[in-house]
Amino acid sequence: MKMAYSCRGASRSKVWERGCQLARALSVSLLLMVTVTAHMSKAFGFAGEDVLCGRPWHHEDITKRALMGGEPVYEGAGFDPAAADAVAWHADYIDSYLYNPLFWAQGSVSSDGISSDRTKAALVGFSELAKLHFDDTFTIEGLRANWVRYAAGTLAGLYWAAMREGPGIGDVGAAHNIIGVSVHAVQDFYSHSNWVDYPYRRCMTWHQTEPARRNVNSPLYSGAYERTRSGAPRHHGAYSMACSLLRGDTMDSVLQPICGGLSPLQNFVICEEWRLCRNAGSVTVSVNHWVPENLVLLEPTGIALDSTWLSRVQAPERRLVTDELNFRPGKGGMYFPRSHCQSIIGTHSPHSTESERCVENEERPEVCTSDADYVFAGVKDLAIRATMEWIDYLDEVIGPSPGRAVDARALPPRQRLAWFWWERVKREGSAAGLASVQQCWQEDLISDPDKLVDAERTGQFEDLCRLPYQFLSAGPYPVVNPSAVDLESAASADGWYLRLRLRTGTTSGDGTDADVTAVVSLPSGETESIVLDHLPKTDRRGTTDNILLIYDDFEEGDDDTYTIGPFTERPQSLQLRNDAAGLAEALEALVDDLANDIVQAATSLRRTIFTVVAGGADFVGRAKDFLTARQISSALSSRNRIERTLLVDGGDQGVYEFTYQINEGTAPLTQQERDDGWIVVEIKAQRLKIIREASVDRLSFADEPFVVFLTAPYNGRTEQANAYLSDVIPAPDDPDEKPEPGGPASDPLNVHNFPRQTGSGTFIRLPPHGSVVMSVEVYEHDDDKAVDREQLRRTFASGADRETRQDPDRFLHTLGRLLGAPWRLQYIDVFAFHRGANVQAGEVFRSQLLGETIEADGESDEFTLQWDDVVTLLTEDQSIDSWTSTERNPWLPPPEDATGGQQVTANPGGTLTAQVRGISGHARVGLCSRQYR
């Protein structure tokens with residue numbers, strides 16, 4: 001498949017112009033990376049059996065099966081085909097808006113009179129859409145908070161969609177978007193978390209399992225994806241576009257001399273990538289020929305089980321199967337016969353024709369040929385049943401479903417309205433009855449029904465006045481999640497949010513280049529100021545580190561939506577401020593930029609000199625360990641301390657053994673923590689054993705090692721992790737060095753013991769279900785400075801190299817604000833919602849054609865928010881956190897055939913040992929260990 005790139009015919013937004021300028025300057029290698037990306041139509045998140053053609057796309061297949069049913073084992077949730085197809089589209093294409101540049105480019109041109117800038121929409125939505133995948137959450141409390149977040153956001157969003165254009169009219173397409181992204185998150189929980197790692201909970205969904213049993217033997221977490229890897233229990237797993245290009249005999253022969261130990265270029269970025277890629281695992285070994293030959297999965301592999309070919313690669317990382325893909329002892333068994341494996345995976349589903357490679361007669365991959373495939377089938381079955389449960393929950397909260405034989409005419413007016421609206425969502429397609437698609441304040445007539453449907457669906461992601469998914473995504477993420485050094489971790493995303501829809505006047509000169517800030521007044525008398533800016537945000541104030549991703553807000557005719565919050569109190573009023581800059585501020589910014597440029601130039605020069613002459617610290621390799629509180633307590637009960645050794649194999653850069661020690665700690669615990677079973681331990685770097693030093697080095701003779709050791713506790717609290725940076729360790733074979741007493745020069749085994757007084761140890765507190773990650777990186781000193789080594793410590797802990805971040809040009813930004821003209825606000829609509837155990841929502845301010853001009857450095861009138869129309873959608877006793885599913889696992893025997901505590905035979909060849917009790921007429925299984933072989 002060939003990919004063409006052109007700037008012609010594109011919407012001429014500033015971000016697109018910058019993209020075109022950047023594309024013209026790309027190197028050949030980067031263009032090759034984009035080409036490889038284009039061959040991978042979907043990214044992680046229940047992708048496709050075929051990475052190019054689907055067969056099927058799993059999110060789409062899961063959603064359709066759950067919503068429509070039609071199979072004996074899945075009853076379905078009562079959606080008609082048109083509605084189910086629309087929801088499934090949104091559930092699947094959220095990943096395309098996140099990770100598929102080819103899809104962005106296809107939508108960034110005019111088609112059939114519809115102007116779309118999909119690239120801009122993808123950049124604007126990236127940081128929000130990334131929150132809808134159940135990733136980066138390492139505590140049971142954080143996972144529970146995610147369920148509440150997604151459920152509350154779904155209900156608030158559906159109410160907003162129902163009230164659009166007036167009661168009884170609504171926006172069915174927006175409702176399908178909200179449901180689609182919510183079920184995407186629900187499904188990802190089962191493939192991105194370690195839920196299925198233990199058979200005792202494998203046959204039950206989260207909501208079928210008693211809260212006390214959800215993390216009995218293993219702490220629950222999901223894989224790290226957008227967060228740093230060094231402090232995560234497990235990584236999600238990721239493709240590497242760079243490794244897909246840098247691996248192979250040809251590239252190895254080219255890069256070996258360039259990046260070898262004697263080369264002054266060995267610490268350049270491409271060499272660092274190449275060294276990491278040497279240990280990357282190529283998935284082509286484990287799957288069939290239809291996977292691109294150069295597709296590479298980064299090491300270490302992750303835990304995501306999004307398809308059978310990924311399960312074959314990553315189920316071993318979960319310690320579920322061996323390298324031969326057979327179940328490990330104690331981890332085997334599924335709750336359905338293997339004969340049903342292939343029907344669950346769904347290779348029978350119609351495949352797409354997105355590529356010329358997707359032809360009818362192409363041989364399809366064989367599935368269910370290993371226990372790893374069997375694991376994926378179980379994950380997908382859980383996702384299907386959990387999606388049906390999700391709709392059951394919405395049915396219960398929104399209103400009775402037709403299947404319950406309720407006379408809608410007997411319902412109260414508000415409930416009757418909700419019931420009829422919910423029925424429309426379940427029965428109609430997104431564009432049912434429409435002849436035009438509304439693009440914010442414009443409408444385009446479309447004669448082709450298929451194009452009308454496409455435009456209505458894509459508009460939910462691409463029309464910046466809509467973005468319904470923000471009801472779920474807005475606010476900090478992840479929450480209740482201890483973080484690495486220099487990264488904050490929010491305690492909650494619950495609270496009040498304001499959804500602001502702002503339209504700038506359409507007359508020339510109505511827009512502004514100044515910052516626009518929302519000033520929110522709270523009942524306590526405090527105010528909060530939030531910059532309204534469609535950027536990939538790195539903090540709540542809306543700043544960014546990448547000026548290429550800036551979207552120019554508040555141009556004439558813009559009709560945009562911004563969701564701000566959470567606020568701990570219900571906001572009282574709102575003002576909009578036009579933050580233009582003064583001349584003094586612009587001059588100050590110019591001076592600061594000049595000073596920063598000098599510092600950065602000096603830093604870059606110093607780094608360049610050291611890279612060419614000495615190279616800075618040489619990266620050797622890294623290793624990681626992960627222990628639960630139960631494992632630590634058990635080991636310490638039988639001996640005074642724990643010692644564990646990690647092997648760091650850097651190839652020609654050297655091989656080392658790093659040992660750390662765990663002792664009982666002395667930090668104080670509260671009486672309640674003692675009663676609950678908390679423990680305190682000290683974890684410290686113990687020693688480094690030199691197995692083999694680097695076989696080659698450059699002109700510098702200062703090739704001694706040093707280590708960075710990180711301990712990252714996941715204890716349900718927000719204490720920050722600790723990173724220890726060792727001193728440079730004198731080489732044992734260097735006569736010019738003066739080793740410390742007891743150091744490696746006097747030790748024939750080349751062992752260096754880290755001195756205790758250097759801060760190599762740290763005390764951590766863990767609850768009974770807590771866990772801790774230990775990560776180490778080994779470097780070789782090459783005349784680098786102490787400040788450089790300290791930067792490595794911060795980078796390892798936080799995942800960000802702060803010194804090398806290029807801040808946006810402050811002077812140019814300030815100059816734009818200086819020249820910012822008065823801003824004409826034509827229209828404002830404010831919709832408020834509360835996310836948490838109690839869900840409330842409603843419109844609190846609307847002013848058609850306001851026409852207010854806000855002068856540079858001025859403020860709008862104060863808009864007093866009216867709360868009369870805000871309704872309660874959910875009370876605490878209806879929260880998803882306390883909701884129990886009454887769906888029965890269809891693979892298990894019906895309630896009338898099961899007796900508590902007895903062994904029952906369900907199907908030939910299989911047995912079920914179950915503890916059963918009745919809830920709402922359905923069987924509840926606390927333990928499931930059916931063995932089918």
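# A conversation about S573 and its surroundings

Author: In this predicted model, the side chains of S573 and E862 are joined by a polar contact of 2.6 Å.

Reader: Where is S573 placed?

Author: S573 lies in strand β11, which covers residues 573-579.

Reader: Is S573 buried or exposed?

Author: S573 has a relative accessibility of 6%, below the 20% cut-off, and therefore counts as buried.

Reader: Which residues does S573 touch, leaving out those up to four places away in sequence?

Author: S573 touches V519, V520 and S521, and also E862, F863, T864 and L865.

Reader: Which strands pair with β11? Let us begin with β8.

Author: Strand β8, residues 515-521, pairs with β11 in the antiparallel sense over seven bridges. Within this pairing, V520 stands opposite L574 of β11.

Reader: And how many bridges join β11 to β24?

Author: Two bridges join β11 to strand β24, residues 863-864, and these strands run antiparallel. The bridge partner of S573 in β24 is T864. T864 is also among the residues that S573 touches.

Reader: How many residues of β11 are buried?

Author: Five of its seven residues are buried, so β11 is largely enclosed by the rest of the structure.

Reader: A change of topic, then. Which peptide bonds are cis? I have R55 and P56 in mind to start.

Author: The bond that joins R55 and P56 is a cis peptide bond, with omega of about -5°. P56 is found in strand β2, residues 54-57, and R55 is placed in strand β2 as well.

Reader: What is phi of R55?

Author: Phi of R55 is near 50°, which is a positive value in a residue other than glycine. R55 is also buried, because its relative accessible area is 3% and buried means under 20%.

Reader: What about the bond from Y477 to P478?

Author: That peptide bond, from Y477 to P478, is cis too, with omega near -10°. P478 sits in the loop between α17 (470-473) and β7 (495-504).

Reader: Back to phi for a moment: what is the value for D136, and where is that residue?

Author: Phi of D136 is near 60°, a positive value in a residue other than glycine. D136 is located in the loop between α6 (118-129) and α7 (140-163). With 2% relative accessibility, D136 counts as buried.

Reader: Now the helices. At what angle do α3 and α8 pack?

Author: Helix α3, residues 58-68, and helix α8, residues 172-192, pack at an angle of about 105°, and their axes are 11 Å apart. The helices α3 and α8 are therefore roughly perpendicular to each other.

Reader: Which residues make the contact of α3 and α8?

Author: From α3 the contact is made by H59, I62 and T63, and from α8 by V183, H184, Q187 and D188. By class, the contact of α3 with α8 has two nonpolar, four polar and one charged residues.

Reader: Finally, the chain as a whole. How many helices and strands does it have?

Author: The secondary structure of the chain comes to 22 helices and 29 strands.

Reader: What percentage of the residues in the chain is buried?

Author: Buried residues make up 57% of the 933 residues in the chain.

Reader: And which percentage of the contacts joins residues at least 24 apart?

Author: Of the contacts in the chain between residues at least 6 apart in sequence, 73% join residues at least 24 apart.

Note on methods
Residues are numbered from 1 along each chain as its sequence is written. This is a predicted model: local features need pLDDT of at least 70, side-chain atom pairs count only at pLDDT 80 or more; totals for chains, interfaces and linings use all residues. Side-chain values use heavy atoms; hydrogens and water are left out. Axes are lines fitted to C-alpha atoms, for helices over the stretch in contact, and angles run from 0 to 180 degrees between N-to-C directions. Helices (H or I, at least four residues) and strands (E, at least two) are DSSP runs, numbered from the N terminus. Angles under 35 degrees count as roughly parallel, over 145 as roughly antiparallel, 65 to 115 as roughly perpendicular and the rest as oblique. Contact means heavy atoms within 4.5 Å. Ala, Val, Leu, Ile, Met, Phe, Trp, Tyr, Cys and Pro count as nonpolar, Asp, Glu, Lys and Arg as charged, and the others, Gly among them, as polar. Buried means under 20% relative accessible area, exposed over 50%, partly exposed in between (1.4 Å probe, protein chains only). A polar contact is a pair of N or O atoms within 3.5 Å; within protein, one must be able to donate a hydrogen and the other to accept it, and residues adjacent in sequence count only if both atoms are side-chain atoms. Two strands pair if DSSP finds at least two bridges between them.
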